[in-house]
Amino acid sequence: GSVVKTGLHIPLLILGSEGSCVTGTCRVKSVDDQSDRDAARSLLAASSGPRWCYQIKGTQHFNFTDDAVLYIAPPLRNLYALGPIDGDRGLQVQTGYVLAFLEQNLRHTPQPLLTGQDRRYPEAVRTGQARTCARS
């Protein structure tokens, strides 16, 4: 939508899978990857609010759904875009970052998790250089 060009002027949190184009840092392998990466970079460049971007090691697309914690038999599981991270652990990491983001931005309570001073989730890697999520 238009937000990709106009950006956000409010806090922004992006959680992506390892190597995800959603954080604007992937290695392009297809036209879709290029489109996703360009959209992410455009959004981030146009945004003026605080922003945080993380990739969670060991995750793929469906690790951000309930599929990550459901039992799916190995032959079928191999067809899903699920990474090797334990499903419960992946959801703990996601929940931790979403809660920290909300506490900091809605309750104005500083969150060491967002500044990198709290390393309880080493699977989460902050992404970004000057043109992406470096500002917070």
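A: **Starting from one side chain**

Let's begin with Tyr80: leaving aside its neighbours within four places in sequence, Tyr80 is in contact with Phe62, Asp67 and Ile72. Contact here means heavy atoms within 4.5 Å. Before going on, a word about what you're looking at: this is a predicted model, where local features need pLDDT of at least 70 and side-chain atom pairs count only at pLDDT 80 or more, while totals for chains, interfaces and linings use all residues. Numbering starts from 1 along each chain as its sequence is written, and side-chain values use heavy atoms, with hydrogens and water left out.

Back to Tyr80, which you'll find in the loop between H3 and H4. The H and E names belong to helices (H or I, at least four residues) and strands (E, at least two), which are DSSP runs numbered from the N terminus. Is Tyr80 buried, exposed or partly exposed? Its relative accessible area is 34%, so Tyr80 is partly exposed; buried means under 20%, exposed over 50%, and partly exposed in between, with a 1.4 Å probe and protein chains only. If you look for Val4, 76 residues apart from Tyr80 along the chain, the two C-alpha atoms are separated by 28 Å.

Ala68 sits in the loop between E2 and helix H3, which covers 74-77.

Now let's move to the aromatic rings. The structure holds 4 aromatic pairs; rings of Phe, Tyr and Trp (its six-membered ring) pair if their centres lie within 6.5 Å, and planes under 30 degrees apart count as stacked, over 60 as edge-to-face and the rest as tilted. One of them is Trp52 with Phe101, an edge-to-face pair at 5.6 Å centre to centre and 80 degrees between the planes. That pair links distant parts of the chain: Trp52 belongs to strand E2 (residues 51-56) and Phe101 to helix H4 (residues 87-106), 49 residues apart. Trp52 counts as buried because its relative accessibility is 2%, and Phe101, at 13%, is buried as well.

Another pair is Tyr54 with Tyr97, which is tilted, at 4.4 Å centre to centre and 45 degrees between the planes. Here too distant parts of the chain are linked, with Tyr54 in strand E2, Tyr97 in helix H4 and 43 residues from one to the other. Both Tyr54 and Tyr97 are buried. Ring pairs also bring in Tyr121, making a cluster of Tyr54, Tyr97 and Tyr121.

Helix H4 has something else to show you: Glu103. It counts as partly exposed because its relative accessibility is 27%. Setting aside residues up to four places away in sequence, Glu103 touches His108, Thr109 and Gln111. His108 is in the loop between H4 and helix H5 (112-115), and at 64% relative accessibility it counts as exposed. Its phi is near 55 degrees, a positive value in a residue other than glycine.

Finally, let's step back to the whole protein. It has 5 helices and 3 strands, and from the N terminus on they run α-β-α-β-α-α-α-β. With 136 residues, a compact globule would have a radius of gyration near 14 Å, and the protein's 15 Å agrees with that; this radius is taken over C-alpha atoms, and the globule rule is 2.2 Å times the number of residues to the power 0.38. The C-alpha trace spans about 45 × 35 × 25 Å along its principal axes. Of the 136 residues, 39% count as buried. Among contacts between residues at least 6 apart in sequence, 66% join residues at least 24 apart.
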